[in-house]
Protein chains: 2
Amino acid sequence: MSLSQTTQADPPDAAEPSLGLADALPIFPPRHERDRQALEASRAVVGLYLREGTADLSVKQLAEHAGLSERTFYRTFPTKEDTIRPYVEAGLHYVVAQVRDAAPQLPLREVLTRAFAAPLDAAMAHGDGVFLAVLRQNEPLRAVWLKVITDAEVAFAEVIAGRLGGSPSSAQARLAGATVVTAARLALEPQTSGARPSEVFEGCLDLLGPALFEPRPS
Amino acid sequence: MSLSQTTQADPPDAAEPSLGLADALPIFPPRHERDRQALEASRAVVGLYLREGTADLSVKQLAEHAGLSERTFYRTFPTKEDTIRPYVEAGLHYVVAQVRDAAPQLPLREVLTRAFAAPLDAAMAHGDGVFLAVLRQNEPLRAVWLKVITDAEVAFAEVIAGRLGGSPSSAQARLAGATVVTAARLALEPQTSGARPSEVFEGCLDLLGPALFEPRPS
DNA sequence: ACTAGGTTTGGCAGTAACTGCCAAGGTGGG
DNA sequence: CCCACCTTGGCAGTTACTGCCAAACCTAGT
């Protein structure tokens with residue numbers, strides 16, 4: 001939801017096809033203002049994770065550090081682990097927007113590598129860097145991270161379909177969306193070679209061949 | 001771990017590269033006998049989910065239905081949601097074994113479609129069928145499902161590398177492993193067309209092109 | 001300015017998930 | 001038979017999470 005609908009005018013809660021990315025965070029009725037507050041709180045909590053690690057942090061501490069009462073914490077985040085969700089979604093949304101807003105004449109393959117390169121490398125370097133370590137040391141957090149990026153596949157399918165000209169629910173678009181997310185995830189895994197994430201990502205697209213990211217007769 | 005190591009002689013807890021699939025279920029020291037008991041209990045719980053749905057089932061009820069005391073339940077499953085893990089892993093392990101044990105002269109592409117076809121279609125039809133509905137209605141369970149199948153990517157990378165002749169940690173093997181899992185997952189999503197999962201899976205492999213599943217000079 | 005309506009907030013209490021601890025039982029080897 | 005060891009089950013305690021209600025806070029209308 002929060003990922004794909006940013007540009008579209010708010011569909012008045014029409015019954016969407018709901019492929020899984022919809023009905024995320026059903027808590028928020030007014031939407032936009034809540035979202036910003038949630039992201040702010042999310043950033044605060046992630047910052048705490050980066051400095052203190054994830055072990056031995058109770059909800060009480062997380063809430064306090066985010067400037068929320070414990071009760072309001074649970075109105076903002078459905079579970080303790082969902083604290084990282086807005087933070088991660090913000091990053092994904094940025095990449096999706098990059099793909100969507102890139103010059104139309106550029107080939108998709110080019111757009112994807114450009115859109116992913118900087119965020120991937122930044123995620124590995126310091127700054128966000130420790131966040132990956134957080135995910136590696138905390139299984140429940142990694143689980144929601146996986147879920148969030150997987151749900152983002154649909155958003156990527158949409159912007160890819162927008163460029164390729166097909167339906168967002170076509171097999172090609174859906175698979176392409178899933179594939180770029182998978183490639184990005186692999187690029188963030190610890191590499192035996194010293195390659196940067198953006199290089200690994202490009203290598204994955206090379207291995208996949210060009211067919212998937214080219215327009216098709218359908 | 002439990003996925004890839006079934007045929008190999010137990011490596012005496014050597015320090016593996018640990019790409020994420022390792023250190024799963026660190027609870028089990030003796031391993032094999034515990035695994036069988038866990039799978040049995042897992043099947044029982046899944047059976048209960050299929051009949052009763054997942055809402056309003058406490059750990060106490062799950063444990064009782066599996067013939068375990070509540071305390072032993074938590075020695076068998078680290079969390080309530082992990083009950084489905086052995087059940088899912090068993091299915092994945094079956095497919096991995098099919099790929100590993102297929103006739104060596106068969107092309108990988110052929111092997112994959114044969115290995116996945118039956119389980120995928122069976123998962124959609126009745127029997128396991130409702131299990132997908134369970135995952136769709138219960139977010140936490142879907143999260144662990146995602147995690148389990150994602151961890152299985154490494155096992156698929158290993159058997160694929162075994163067929164292709166490269167290293168299991170090569171970019172090609174790792175990506176191929178991730179890709180087949182992704183394709184299988186997409187095949188199990190609700191389809192607008194009435195296509196069977198095995199057909200969708202094949203369609204995905206077609207879209208990806210043959211390059212990924214062919215031996216390479218490296 | 002004051003009030004009425006609705007919405008957000010915080011505290012309190014209750015439930016359910018999970019963990020540490022220990023005593024009881026079961027098993028195998030001397 | 002007994003002793004070491006492992007597994008089991010119960011109990012108590014902690015932590016995540018929810019329902020409920022009263023106080024605070026807009027906002028609009030008069």
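Contact here means that the C-beta atoms of two residues, placed from the backbone, lie within 7 Å. The model is predicted, so local features need pLDDT of at least 70 and side-chain atom pairs count only at pLDDT 80 or more, while totals for chains, interfaces and linings use all residues. Residues are numbered from 1 along each chain as its sequence is written, and chains are lettered from A and ligands numbered from 1 in the order in which they are written.

**The chain contact.** Select the interface, to which chain B brings 25 residues and chain A brings 25 residues. On the side of chain B that touches chain A, two or more residues each come from α7 (139–164), α8 (171–187) and α9 (197–208) of chain B. Helices are DSSP runs of H or I with at least four residues, and strands are runs of E with at least two, numbered from the N terminus. Colour α8(B) next; it gives the most to that side, with eight residues.

**The symmetry.** Now superpose chain B on chain A: a rotation of 180 degrees with 0.0 Å of shift along its axis does this, with RMSD 0.0 Å. The two copies are thus related as by a two-fold rotation axis.

**The DNA side.** Show DNA strand D and the 13 residues that surround it, the closest being A:S58, A:T79, A:K80, B:S69 and B:T72. A residue is near the strand if its C-beta atom, placed from the backbone, lies within 6 Å of it. At least two residues of this surface come from each of α2 and α3 (70–76) of chain A and α3 (70–76) of chain B. α3(B) gives the most, with three residues.

**Two loop residues.** Select A:D56, in the loop between α1 (32–52) and α2 (59–65) of chain A. A:D56 has a positive phi of about 60 degrees although it is not a glycine. Is A:D56 buried or exposed? A:D56 is exposed, with 7 other C-beta atoms within 10 Å. The cut-offs, for C-beta atoms placed from the backbone, are 20 or more others within 10 Å for buried, 12 or fewer for exposed, and partly exposed in between. In chain B, move to B:D56, whose phi is also positive and near 60 degrees.

Notes
Least-squares fit on C-alpha atoms with pLDDT ≥ 70 in both.
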